[in-house]
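Subject: Structure handover

Hello,

Here is the structure you asked about, with notes on what was found in it. Please read them next to the coordinates.

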Amino acid sequence: MSETKATNDWPQPYRLPAAEPYWAALANEWLTFQRCADCAQAVWPAHSFCPHCESAALTWVRSAGRGTVYSYSTIMRGPTPAWASITPYTVGFVHLHEDYYLFTQIEGEPDTIRIGTEVSVRFVRRGEQKLPVFAPTTTDPEA
Ligand SMILES: [Zn+2]
């Protein structure tokens, strides 16, 4: 049962107050981001005003959770025992189809991950918090 114990020791992410709706939505397995009502640009990380046009008209919207790998790095030695227990693992930026970038864990054999790989979100529990991770999108075989 040591594996179960290790997964209870995940360092918990720092929660910026402006991003509280993001963390609340994750509990329901919704991936969300902000969109500006004035210039229509996606905004991430969470802001209290739009970094593109300075509007305060930001709304939270749900992402479809699909994107492509923009950059990645495979970690061979974890920074804490919990992370070390899953090495090697890959982290990086995913470029979501809604046109914002999310730093996240990317699942899959390191050899199979490439820049531009299509990935989709799924949710994992890490301690008290559900977090989004991405894995290569499985394409339905042609009928
Ligand atoms: Zn704007």
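The C-alpha centres of domain 1 and domain 2 are 21 Å apart. Domain 1 covers residues 17-62 and domain 2 covers residues 64-136, with bounds that come from an automatic or database domain assignment. Across the boundary, seven residues of domain 1 are in contact with 11 residues of domain 2; two residues are in contact if their C-beta atoms, placed from the backbone, lie within 7 Å. On the side of domain 1 that touches domain 2, six residues are nonpolar, none is polar and one is charged. In this scheme Ala, Val, Leu, Ile, Met, Phe, Trp, Tyr, Cys and Pro count as nonpolar, Asp, Glu, Lys and Arg as charged, and the others, Gly among them, as polar.

Two points on how to read the notes. This is a predicted model, in which local features need pLDDT of at least 70 and side-chain atom pairs count only at pLDDT 80 or more, while totals for chains, interfaces and linings use all residues. Residues are numbered from 1 along each chain as its sequence is written.

Overall layout

The protein has three helices and eight strands, in the sequence pattern α-α-β-β-β-β-α-β-β-β-β. Helices (H or I, at least four residues) and strands (E, at least two) are DSSP runs, numbered from the N terminus. The C-alpha trace spans about 50 × 40 × 25 Å along its principal axes. Of the 143 residues, 19% count as buried. A residue is buried if 20 or more other C-beta atoms lie within 10 Å of its own, exposed if 12 or fewer, and partly exposed in between, with C-beta atoms placed from the backbone. Among contacts with a separation of 6 or more, 51% are between residues 24 or more positions apart.

An open sheet has three strands in the order 2-1-3, with antiparallel pairing. Strands count as paired if DSSP finds at least two bridges between them. Strand 2 and strand 3 (58-62) are the edge strands, each pairing on one side only. Strand 1 pairs with strand 2 over two bridges, and Arg35 stands opposite Ala42 of strand 2. Five bridges join strand 1 to strand 3, where Thr32 has Arg62 as its bridge partner. None of the five residues of strand 3 is buried, so strand 3 lies largely in the open.

The barrel

Five strands close into a barrel in the order 4-5-6-8-7, with mixed pairing. The twist averages 45 degrees from one strand to the next; axes are lines fitted to C-alpha atoms, for helices over the stretch in contact, and angles run from 0 to 180 degrees between N-to-C directions.

Strand 4 and strand 5 are antiparallel and share eight bridges, with Ser71 opposite Phe93 of strand 5. Phe93 also has Phe103 of strand 6 as a bridge partner, and strand 5 and strand 6 run antiparallel over six bridges. The hairpin of strand 5 and strand 6 has four residues between the strands, and Asp99 in this hairpin takes a positive phi near 75 degrees. Strand 7 and strand 8 (residues 129-136) pair in the antiparallel sense over eight bridges, and Arg125 stands opposite Lys130 of strand 8.

The core and Val43

The largest nonpolar core has 15 residues, and those with the most contacts inside it are Val43, Val69, Val94, Ile106, Val119 and Phe134. Such a core is a set of buried Ala, Val, Leu, Ile, Met, Phe, Trp, Tyr and Cys residues joined through C-beta atoms within 7 Å. Two or more residues come from each of strand 1 (32-36), strand 4 (66-75), strand 5 (89-96), strand 6 (101-106) and strand 7 (118-126). Domain 1 and domain 2 both give residues to this core, so the core lies between them.

Val43 belongs to strand 2 (residues 42-43). Val43 counts as buried because it has 20 C-beta neighbours inside 10 Å. Leaving out residues up to four places away in sequence, Val43 touches Phe33, Gln34, Arg35, Cys36, Cys50, Pro51 and Leu58. The C-alpha atoms of Val43 and Ala56, which are 13 residues apart along the chain, are separated by 12 Å.

Regards
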